[in-house]
Amino acid sequence: MTFWQKNLILLSSLLFFWFLCSFGFGILFSEYISFMKIGGFELGFWFSQQGSIYVFIILIFTYSYLVERLERKEKK
Amino acid sequence: MEAQTLTYIFVGLSFALYISIAIASRAKSTNDFYVAGKGVNPVANGMATAADWMSAASFLSMAGLIAFLGRDGSVYLMGWTGGYVLLALLLAPYLRKYGKYTVPDFIGERYYSNVARVVAVICLIFISFTYIAGQMRGVGIVFSRFLEVEIEMGVFIGMGIVFIYAVLGGMKGITYTQVAQYCVMIFAYLVPAIFLSIMLTGNPIPQLGFGDKLLNSDIYLINKLDKTIIDLGFSPYTEYSKSLIDIFCITAALMFGTAGLPHVIVRFFTVPNMQAARRSAGYALVFIAILYTTAPAVASFARLNFIDSVQNTFYEDAPDWFRNWENIGLISWMDKNQDGKMQYSSGSPFVESRPIFTDKRGSLGQRLLENEANTSSSNEVYLDRDIIVLANPEIANLPIWVIALVAAGGLAAALSTAAGLLLVISSSISHDLMKQTFMPQITEKKELLYARLAAGITILLAGLLGIFPPAFVAQVVAFAFGLAASTLFPVLFMGIFSKKTTKEAAIGGMLTGLVFTFSYIVFFKFISPELNNSDYWFLGISPEGIGVIGMILNFLIMLLVTKSSKNPPESVMDLVETIRRP
């Protein structure tokens, strides 16, 4: 596989989590996970007003770390 | 010392700081002016991006908006942060690798066409102008409340300050000023939030206090809030009241719109390389998240607090802040049942949408209104949502220096965003229209002069919009994001991820997205506002979320047209190959 193909796979898998935690947990399946609680929050509500934002940050730094590793290999 | 004197000192000191930074880092070349010499540290750029991104609306209005929208307010929280994932993963590093000065620059060269470049400039100017008018208005509001000068005077002072540091310093000047503005802004936002959180829940971290139990009680704050507002006839705080498809589309339009906003994208042109661009987007989101995760907490604290201090209280016992804001005209009380107490519940207190004050006072000292009472609701209190953040320190009885600090923070938020927008407008005029399209023979010195002239003229126009706000300013926010999502984002994305997309496809795609989104919004907001409800919307999608459909159309047109036009020249495919390489 070329560097670009590996990059595309990495991108799509991280974007899957991006979609899952915001549009998924925060909106579409929010009702189905609401029986779970974090403190006073129902889980769906927490994802839509707090959790998704934390996940976004983790995703960006994960991508940055992993793709830089790919790039170093590619340069060798 | 009086609150006002202290506010003058705080605001004066912060302005002096911004101007001295700008003088120390003024631009000497077009490279400095457009992209800060491409030498900005990724963390500093992250902070500057956060200040650039968080406007008067984020700082002043968002918590108030969420306080009254409840769960529906999540669209702003997810929408305005999730876009950074798209930026960091899909656009910023590649556009940085390309290495020129503006967004239309990339579109013009990648799609080998000056027509594409000019269409991009038009989209950019439209997006940025709707945005900048709101900033100048924010400056005016802060000045009139805290410094008791006329809104017009406030806008003039704001214009003067931005003029000095944006025109002198260019991108380099505003980057370092924005770093300072971020610090002022975030400190000013967090201090009242922390105090409010301790006051209500005993937990000093607002993000946790939001999910914690109320002080000396076994009830969670969020459950108490839900119960209180349901009792008053509002819909529950923790459940969506809009349809899921609309919530989905608005969130998506804001996310893709964020990723396509030119003044955000160019921030990533100022760092040394593509790795730095990616990391910088991550830092930017960290700095943004500090405010964005605090906002919903502040929203819930403020809503609960407001109801507690107002509901069934005698007007004579109303707290001072209530009367302060009533004097400015952003709160009003109409004693419909003549009991001398304020009743607050769902529904509007009067038939009109805003209070119309007479210059008379009632027997209790309240300002009398000319409005016609709305008999179908027992609500007597009108509250402008925009004051929540500004009023918080007073509501929480915080010391006066906190009030002064919040005023300085609000100004920092408005000025930093205005400066960023100003710069993308002026550089797209001097660089894309003049240097690249109509007057290619001008020297670098001339180009720099034109860039400064364009910045000066843009400030004047923006100031005028702030002084004479068109009634539709609030209505057109949907425009900026919808248009960015339906025009610039798809073209930038395909420009990087597909080598074969042609200039015909890009021009056709941008125009389709622009015309579709523009007409849909104009139809429902201006031509037939009486039809603006889900019965008439396409698939139940409101004008705020329609940018997503515009974006899908744009992608479809690009795919179809690319199939039927001949391949881009070899040099363009090589360009795409180069920007993908690490």
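## A walk through chains A and B

Let's start with chain A, whose secondary structure comes to two helices and two strands. Helices (H or I, at least four residues) and strands (E, at least two) are DSSP runs, numbered from the N terminus. Reading from the N terminus on, the elements of chain A go α-β-β-α.

A quick word on what you're looking at: this is a predicted model, where local features need pLDDT of at least 70 and side-chain atom pairs count only at pLDDT 80 or more, while totals for chains, interfaces and linings use all residues. Residues are numbered from 1 along each chain as its sequence is written, and chains are lettered from A and ligands numbered from 1 in the order in which they are written.

Back to chain A and its two helices. Helix 1 (residues 3-28) of chain A packs against helix 2 (residues 43-75) of chain A at an angle of about 175°, and their axes are 8 Å apart. Here axes are lines fitted to C-alpha atoms, for helices over the stretch in contact, and angles run from 0 to 180 degrees between N-to-C directions. Helix 1 of chain A and helix 2 of chain A are therefore roughly antiparallel to each other. The labels work like this: angles under 35 degrees count as roughly parallel, over 145 as roughly antiparallel, 65 to 115 as roughly perpendicular and the rest as oblique. Sorted by class, the contact of helix 1 of chain A with helix 2 of chain A has 16 nonpolar, eight polar and two charged residues. (Ala, Val, Leu, Ile, Met, Phe, Trp, Tyr, Cys and Pro count as nonpolar, Asp, Glu, Lys and Arg as charged, and the others, Gly among them, as polar.)

What about overall shape? The C-alpha trace of chain A spans about 50 × 20 × 15 Å along its principal axes. A compact globule of 76 residues would have a radius of gyration near 11 Å, but chain A has 16 Å. That radius is taken over C-alpha atoms, and the globule rule is 2.2 Å times the number of residues to the power 0.38. Chain B has 582 residues, for which a compact globule would come out near 25 Å; chain B has 24 Å, which agrees. Along its principal axes, the C-alpha trace of chain B spans about 80 × 55 × 45 Å.

Chain B has 21 helices and six strands, so let's pick out helix 13 (274-310) of chain B and see what packs against it. The axes of helix 4 (residues 56-69) of chain B and helix 13 of chain B come within 8 Å and cross at roughly 50°. That makes helix 4 of chain B oblique to helix 13 of chain B. Among the residues making this contact are B:Met62 and B:Ile66 of helix 4 of chain B and B:Leu291 and B:Ala295 of helix 13 of chain B. By class, this contact of helix 4 with helix 13 of chain B has 10 nonpolar, one polar and one charged residues.

Helix 10 of chain B also meets helix 13 of chain B: their axes come within 10 Å and cross at roughly 50°. Helix 10 and helix 13 of chain B are therefore oblique to each other.

Now for the place where the chains meet: 35 residues of chain B are in contact with 32 residues of chain A. Two residues are in contact if their C-beta atoms, placed from the backbone, lie within 7 Å. Which helix of chain B gives the most to the side that touches chain A? Helix 13 of chain B does, with 11 residues. By class, that side of chain B has 19 nonpolar, 11 polar and five charged residues.

Finally, confidence. The predictor gives the complex an ipTM of 0.95 and a pTM of 0.89. The mean pLDDT (the predictor's confidence in each residue, from 0 to 100) of chain B is 84, and 98% of its residues reach 70 or more.
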